[in-house]
Amino acid sequence: MVRELLTIGTFARAARLSPKALRLYDEVGLLRPAAVDGESGYRYYDPAQLERARLIAWLRRLGMPLARIRRVCDLPVPDAAEEVAAYWRHVTAETEARGRLAAFLVDHLSGRGSTVKDTTTMPGIRYAARSEPGPVRTSNEDVAYAGERLLAVADGMRGPGGDRAGAAAVDALKRLQTLSVLPEDLLGALADAVGDAERAIRDIAASTPSGEAVTTLTALVWSGSRLALVHIGDSRAYLFRDGGLFQITHDHSYVQSLIDEGRLTPEEAVSHPRRSLLVRALTGTGSSLPDLSMHEAVPGDRYLLCTDGLPGVVPVGVLRETLAGPGGPRQVADELIDRAYAAGAPDNVACVVADVVADVVADTAADNAADTVADTAAEGSPAAGDGGAAR
């Protein structure tokens, strides 16, 4: 028995899709019509295609990209269900930073987030920074910087321009140290500085044979008791508070996306052959946006910023144990580098350690003079050769 085909208009109404959407899905090969009139080009659909069309409509309402919808539609039902679940886990992870920003804006706009305080009671920081090439590396593109209002690490992609890209990204943020920025204006100022970094990296890329220059960037900027975080790539920021260690950044890497989708465990990711491949980084094109968020500085907190060479070989439990030690930032930074070297350190390692203290005048001046600021971009940070923005 031959089924009667439906016109595109009738099929669109039944599937709750527009004819325009159906034409798009035909063009991309997602939902081909059953027949096309040779003279008029008019499309006709089989009623049996309604189930696929409705599934596509539901997935589009979730915001799923067309390429991923095609994958879901072609999978057996149980696998398709897991694919949708994995996608939603990924969406949830990606929106965490936006949620933190929204909460900050709500507090700020409603007046609950006022941070006007007596500057004599403002928290200050003690800090130290260090960057070292891995024992098996001949170059080091890792950058570590620490100042009274800025902490930053960057990891340039190995090759021409990588070291300059990392340094340029950090340099673009240094002007924030001398600007008079209210806490509520920090995120905007930080976003503007990242734009400056992108333009600098674009110029660097234009001077390289490949036309590329890529770097990660993770940085904290202080204003009063508030601090703004910018993050893109797989360098990390950790907060050690009340004996617990919390990673406050989310890796923008290929293996992290597999973890988010439930396809890989964190333990498996450590030895994955594409663990250095980035899905987001600063490239000079502005095509990838960094995560921006606000945090409250609490006396007693300890922050660690590091490139991936440190957590790549030093387990999180050892990081927590080291950060819990009695030493100051310089001693802890040195110990972290030593632990990375003891573990083989196949990659370069850069880290910044900072302690939040209660009295900015009394506690920080002498300690920061001793824990000298390190602003290091030695000679290189290699790339795992998977293609893309790998280091």
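View A. Val36 stands opposite Arg43 in β3. Two bridges join β2 to β3, residues 43-45, and the two strands run antiparallel. Strands here are DSSP E runs of at least two residues, helices are H or I runs of at least four, and both are numbered from the N terminus. The model is predicted: local features need pLDDT of at least 70, side-chain atom pairs count only at pLDDT 80 or more, and totals for chains, interfaces and linings use all residues. Residues are numbered from 1 along each chain as its sequence is written, and side-chain values use heavy atoms, leaving out hydrogens and water.

**View B. The open sheet around β3.** Three strands form this sheet in the order β1-β3-β2, with antiparallel pairing. Its edge strands are β1 (6-7) and β2 (35-36), each pairing on one side only. Pairing requires at least two DSSP bridges between two strands.

**View C. The two faces of helix α4.** Helix α4 spans residues 66-74, and its buried residues are Arg68, Ile69, Val72 and Cys73. Seen down the axis of α4, these buried residues fall within an arc of 140°, so they line one face of the helix. The arc is taken from the directions from the helix axis to the C-beta atoms. Ala67 and Asp74 are exposed, on the face turned away from the buried side. Buried means under 20% relative accessible area, exposed over 50%, and partly exposed in between (1.4 Å probe, protein chains only).

**View D. The chain behind the close-ups.** The protein chain holds 12 helices and 16 strands. Of its 391 residues, 49% count as buried.
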